[in-house]
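Have the sequence and the model open side by side.

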Amino acid sequence: MSKQTLAATSVAVAATAGIGSVASKPRITRWYRTLRKPPYVPPNGVFPIAWTTLYADIAVTSATAIDRLRAAGRHDEARNYVVALGANLILNAGWSWLFFRYQKLGASALGAVVLAASSADLARRTAAADARAGVALTPYPLWCAFATLMSAHIWVLNRR
């Protein structure tokens, strides 16, 4: 993979993490603690580890996929991949804003569904470009599906 592509995907992913964290930092310690949560929700310390790992995975596998598509002359697919990645990262950061900043549990559950579908599509696109990178990205849609379950369950438990 090229250094340029990896740098671009890394910057995009880091921006997503930064934008999402702006929405969530002050809210985690106060409001989030007051929510009723299902027993399978991991401890708060798990989330930064999981997301840091997933963000690194997204950056590397996306750079690999984009470079493979370009090297194979599949430039339209490479452009479509970049668009899909951008949309996915917007959905990713947007979830934090819906959940933490705006405290819209129902909307964030719906946003999580869309993010999980987008993540599955991104993994599919990655696998079409490079099978090993597609497998490596599989934890991302799986985590997003788990996050969807958590979001929906938290919404149900806290509806007024």
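Tyrosine 140 is in contact with Trp51, Leu54, Ile58, Asn88, Asn92, Leu115, Ser119 and Leu122, leaving aside its neighbours within four places in sequence. Contact here means heavy atoms within 4.5 Å. The model is predicted: local features need pLDDT of at least 70, side-chain atom pairs count only at pLDDT 80 or more, and totals for chains, interfaces and linings use all residues. Residues are numbered from 1 along each chain as its sequence is written, and side-chain values use heavy atoms, with hydrogens and water left out.

The largest nonpolar core has 37 residues, and Phe99 and Tyr140 have the most contacts inside it. Such a core is a set of buried Ala, Val, Leu, Ile, Met, Phe, Trp, Tyr and Cys residues joined through side-chain atoms within 4.5 Å. Buried means under 20% relative accessible area, exposed means over 50%, and partly exposed lies in between (1.4 Å probe, protein chains only). Which elements give two or more residues to this core? They are α1 (3-34), α2 (46-71), α3 (75-101), α4 and α6 (139-158). The largest share, ten residues, comes from α2. Helices (H or I, at least four residues) and strands (E, at least two) are DSSP runs, numbered from the N terminus. In soluble globular proteins, nonpolar side chains tend to be buried together.

Now move to a partner of Tyr140. Leucine 122 lies in helix α4. Leucine 122 has a relative accessible area of 0%, so this residue is buried. Beyond its neighbours within four places in sequence, leucine 122 is in contact with Ser62, Tyr81, Ala84, Leu85, Asn88, Leu137 and Tyr140. Asn88 is also on the contact list of tyrosine 140. Leucine 6 is 116 residues from leucine 122 along the chain, and their C-alpha atoms are separated by 16 Å.

Threonine 9 lies in helix α1. Its relative accessibility is 4%, so threonine 9 counts as buried. Its contacts, leaving aside neighbours within four places in sequence, are Ala59, Ser62, Ala63, Ile66 and Leu85. Ser62 and Leu85 also contact leucine 122.

Next, look at a charged residue. Is aspartate 130 buried or exposed? Aspartate 130 is buried, because its relative accessible area is 11%. This residue lies in the loop between α4 (105-129) and α5 (131-137). Not counting residues up to four places away in sequence, aspartate 130 touches Thr64 and Arg68. A polar contact of 2.4 Å joins its side chain to that of arginine 68. A polar contact is a pair of N or O atoms within 3.5 Å; within protein, one must be able to donate a hydrogen and the other to accept it, and residues adjacent in sequence count only if both atoms are side-chain atoms.

Turn to the open space. The largest pocket has a volume of about 740 Å³. It is lined by 30 residues, of which Ser24, Phe47, Trp51, Ser96 and Phe100 lie nearest its centre. Elements giving two or more residues to this lining are α1, α2, α3, α4 and α6. With eight residues, α1 gives the most. On a 1 Å grid over the protein atoms alone, a pocket is an open set of points where a 1.4 Å probe fits, with protein on both sides within 12 Å along at least five of seven lines; lining residues have an atom within 4 Å of a point.

Tryptophan 155 lies in α6. At 32% relative accessibility, tryptophan 155 counts as partly exposed. Not counting residues up to four places away in sequence, tryptophan 155 touches Leu105, Gly106 and Ala109. Leucine 157 is also found in α6. At 22% relative accessibility, leucine 157 counts as partly exposed. Its contacts, leaving aside neighbours within four places in sequence, are Arg36, Lys37 and Pro38. Glutamine 103 is found in the loop between α3 and α4. Its phi is near 55 degrees, a positive value in a residue other than glycine. Most residues other than glycine have a negative phi.

Key: Grid points are joined across faces, edges and corners, and a volume is the space filled by probe spheres set on the points.
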